[in-house]
Amino acid sequence: MFLKALKQKLKLKSARKHVKQLLSGPLENVKKGHGIASVGCIVDLDQFEDVSLFYQLVDEFKLRPNSVKIIGYKNFYDKNSPYATPIFSDKDLGWNGAIENGYALEFFSREYDLLLNYYSEEQLLLQLMTLKTKARIRVGFGSVDHKLNDLILQTPISNFGLFKEELKKYLKIFKEIE
């Protein structure tokens, strides 16, 4: 029991060091065209549970039906319980900031035009997912580290409608959508 706790503490320490190292340099961005064709969403399911609202972005931005990919974070979850959304948790943290979860590996192996970091509290694994995901534009909340996001929206996390309106407004200004 003591060794497990020590091992977890050392993993957290190495992951924090890895996050700090990644934040000190430029984030890995996708170097392709203009416009939004694919959207990735990293959602803190402990704060916001209704992930089905993210599929409204398909209609809002005139995207293909399968162009929105969502992954959720829960502080603790039961692997035997069925979840509609792919989930990762603190148990999936490996050495040197590695995330040992099949859903997470699949999520950050893709490239996105837009990455929505839908969390307002700094959680180590959420930050790691954001840093490891390749995206051209990153959008999030101001209460997390400003280096993680290109566009920071000051809306409450519980009001997805306002978030969506502000996102659409700024993407029009940047001429990413019509």
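1. Strand 1 (residues 39-44) is mostly covered, with 6 of its 6 residues buried; buried here means under 20% relative accessible area, exposed over 50%, and partly exposed in between (1.4 Å probe, protein chains only). Helices (H or I, at least four residues) and strands (E, at least two) are DSSP runs, numbered from the N terminus. In a regular strand the side chains alternate between the two faces of the sheet. Strand 1 is covered on both: Val 39, Cys 41 and Val 43 are buried on one side, and Gly 40, Ile 42 and Asp 44 on the other.

2. A word on the basis of these notes: this is a predicted model, in which local features need pLDDT of at least 70 and side-chain atom pairs count only at pLDDT 80 or more, while totals for chains, interfaces and linings use all residues. Residues are numbered from 1 along each chain as its sequence is written, and side-chain values use heavy atoms, with hydrogens and water left out.

3. Next, the partners of strand 1. Strands 1 and 2 run parallel and are joined by 6 bridges; strands 1 and 4 also run parallel, with 5 bridges between them. Two strands pair if DSSP finds at least two bridges between them. Ile 42 is a handy residue to look at: its bridge partner in strand 2 is Ile 71, and in strand 4 it is Asn 117.

4. Please have a look at Arg 136 too. Its salt bridge with Asp 113 has the closest N and O atoms 3.7 Å apart, a salt bridge being a side-chain nitrogen of Lys or Arg within 4 Å of a carboxyl oxygen of Asp or Glu. Arg 136 lies in strand 5 (residues 134-141) and Asp 113 in strand 4 (residues 111-118), so this pair ties together parts 23 residues apart in sequence. Arg 136 is buried at a relative accessible area of 13%, and Asp 113 is buried at 3%.

5. Arg 136 also meets Glu 176 in a salt bridge (3.1 Å, N to O). That pair links distant parts of the chain, with Arg 136 in strand 5 and Glu 176 in the segment after helix 5 (160-173), 40 residues apart. Both Arg 136 and Glu 176 are buried.

6. What is the count of salt bridges by this rule? The count comes to 7. Glu 60, Lys 164 and Lys 168 are linked in a network of them. Arg 110 and Glu 106 form a salt bridge at 3.1 Å, N to O; Arg 110 is partly exposed at 33% relative accessible area, and Glu 106 is partly exposed at 42%.

7. Strand 2 (68-73) and helix 3 (102-109) each supply at least two lining residues, and strand 2 gives the most, with 4.
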